[in-house]
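Please examine the sequence and the three-dimensional structure shown below.

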Amino acid sequence: SLLLLVNSYGSSPEKDFIPHTALGILLLIISALVAFTGVRHSLSHSQLFSSLCLTVSALWCGLGLVYILIGQSVLPLSELKSSLIPGLAAFTLALFIIGTVALFMNNPVLLVIAVSISLACAHQIAGLSDSGFGQSATAANYLLVCLVCAYFGFGRLLSTITQGKVRPPGTVMKQKFELKTEQNQSCSDVVSVGLVMNLLSASVIACPLLGVVPQLSVGHVPWLWTAGVFQLGMCVLFYRALDTLAATFYGFTSLLKFAEGYSALLSLYSIQPFSPVPFPVVFAVLFSVLALFSCQKSLLEGFYQLFFVAYCISIAAQPQGFFQAGTQGVQGAIFVATAGVLFVTTFNMVSSTRIPTGHRHFKTVVTRIRSITLRDLDKERHTPHLGYSKYADAEVLGHACNVLAAFAITATVGDRNPLAVLGLPWAVMAGGVLQLLCGSVAFARGKTFESTAFILYGLMWTVWGLTRFGGLYGETRGFNVAVGIICFMLFNLLVTIAALFLNVAWFVYAFTFQLILISFLLDAIGALPYGYDIGVTIIFGLISFYCFLAHLFNSTFQSPQIPLGRPLVKLGGVGGGAGVCPHVPARKATSVQQIAEIMKNGGICGMPTDTVYVLVAACNRPDAVIKAYKVKKQAQDRPMSMWISSVKQLEPVRHLLSSLLLDFMEAAWPSSISMVIPRGPWLDIFGLGDAAIHIGTPQSIAIRSPDCAVATHLINLVKSKVMVQCPSRFK
């Protein structure tokens, strides 16, 4: 704000105080810092503060990019007005809505910051429209922002130094644990930012229809691609918030932003874009399915997503896509709808008093259908494998990306300039960038196979999309391209073989993609049969759509389930690849019951206790004891011990203990104290059999009653003493 304040006061209609390039670079740096603050606070602190930071960051990012284009003479100075007004108009409204919510929440600091920047944007629009208006009003608003931010920052610093003893009014931010649980589960911290980006792109696309700007141009690309990049970031944060539906929706909308920006960029080369019909129709179908399933969160969210269904249909109905009035008119409707949804969502996000959005109607209707059981919105179902990060499953978006890329690649270029056909943003962004993101999320969750497939396919779609729609299609046929495709085929062959051990759907999925790679190879050597590539690509797209629908349906409904098939090949030996080791939260009674059943059947379990992490097995299952001994490293250096839940379980060895020792252990247990007694035939009472040699030392055995409710409850459920070991590698 101080930077823009100085520039507004020091500039004149004839000359700018700070050169455009320098101003743009400084704004980008500041934007990155503010975005970092917003993301960090979205994970720990006040939600409204986070939304404001990320919104202002997007504003200054887009503003800085436009200034850089002007400074580098990519855009003439005469286009500064038409380039800035659509973006500034969107942020004027968005920040005013955030400021209004801050007013309702009695947060004067955020109110002043949001409204002041909103008014600064409005006055900047007035100054661009009429040079006689001047920029003094803009500078005055930024001066107010500087003063309030200085007060806020000083107050936070003072609170930190004094450890919360001194808190100036208006500088206290509620932690998440102080907010209501229902409030946190129903709205993610960054949902408002995603809506602001939709508001931004709608403003840019609709302004030519209203006559605010002559037409969509290169100057609008920074705003559109800023919205796309921020929505990709929101997509990752929604996966982190375990909200698959929201992550998928904003992944979809980010694709639209990049396609809009690509169309605007073509005007720099005087190329008129052409939108092939199949792809927008497929996108509309995906949006329709997503809107239906999003109704389980709220009817408002599902209804809002239907606007994007209409938007995709309007793109399909008009060959020039974003440049025609019908498409721009739908974006005008999206602008109005987004403004309303933004206010409702932001208000519900921070307020205990909620505006009704119909978030229980879907559940009410489904529960009346006896043949369908709705799955609870339990975040624990996204629990990762042991040791990996906690993200939601990205398979829904990953399969959808393959649907989009497959149908985009079927577009024929013909005699047109390859860049003119709107296939490059769909194939490269949907099939490439977004699928690489899904592969990264899957890798973070510990899903090695899924991450390998998504990353491999993402790379292939990126390479082939750039080749086919990047103007290189007719120049790259030959041996070199064939070698590269053969390498991809070898990698995908390994994926196809691995899919045999997963399920039928994944095998057919990988095998069909192998057929697509064969079509690429035949095309590279000039031996492609007519229609083969389009045929196999459409088949792969339909299979991808089935997987998309199955994962979305199965994550929503507990029964019935859309089948994905069983493994075609099963492994032999211990476990046989029958399932994945469950990783369940110890605080849930159902989790302890699940582990108890596994241990009764000869399984072993790793769990936290009152001291260290331990590996446990039931005494009456000698095979489990031997398995635990073999799994544990350094078992001889750290002997296994016996755990009990009550002193009454020591009746078989009472004759070995003095009354004084028994009285002491009754007083001391449960605790971390272990009682060491000599070995003897009494061990046979517990059903250890030949496994007894693996417990304790040759001379003695340690017995303990842990001061851990989970461990004690598990012992009682297994109905056996429990063997325990404490391997250091298990921590």
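Over which residues does pLDDT stay under 50, and how many contacts beyond four places in sequence does the model have for them? The stretch is residues 176–187, with 23 such contacts; pLDDT is the predictor's confidence in each residue, from 0 to 100, and contact means heavy atoms within 4.5 Å. Residues 573–577 also have a pLDDT below 50, and this stretch has two contacts in the model beyond near neighbours in sequence. Where pLDDT is low, the predicted coordinates should not be read in detail. For the protein chain, the mean pLDDT is 84, and 90% of the residues reach 70 or more.

This is a predicted model, in which local features need pLDDT of at least 70 and side-chain atom pairs count only at pLDDT 80 or more, while totals for chains, interfaces and linings use all residues. Residues are numbered from 1 along each chain as its sequence is written, and side-chain values use heavy atoms, with hydrogens and water left out.

**Nonpolar cores**

A nonpolar core is a set of buried Ala, Val, Leu, Ile, Met, Phe, Trp, Tyr and Cys residues joined through side-chain atoms within 4.5 Å. Buried means under 20% relative accessible area, exposed over 50%, and partly exposed in between (1.4 Å probe, protein chains only). The largest core has 183 residues, of which Trp60, Tyr239, Phe283 and Trp461 touch the most other members. Helix H3 (residues 47–71) gives the most to this core, with 15 residues; helices (H or I, at least four residues) and strands (E, at least two) are DSSP runs, numbered from the N terminus. Apart from this core lies another, of 27 residues, among them Cys619 and Phe686. Beyond four places in sequence, the contacts of Tyr239 include Tyr391, Asp393 and Leu437.

**Cysteines**

The structure holds zero disulfides, a disulfide being a pair of cysteine sulfur atoms within 2.5 Å. Two cysteines are set out here.

**Gly696**

Gly696 lies in the loop between strand S6 (674–678) and strand S7 (700–704). At 18% relative accessibility, Gly696 counts as buried. Beyond four places in sequence, Gly696 is in contact with Pro639, Met640, Arg679 and Ile701. Gly696 and Ile677 are 19 residues apart in sequence, and their C-alpha atoms are 10.0 Å apart.
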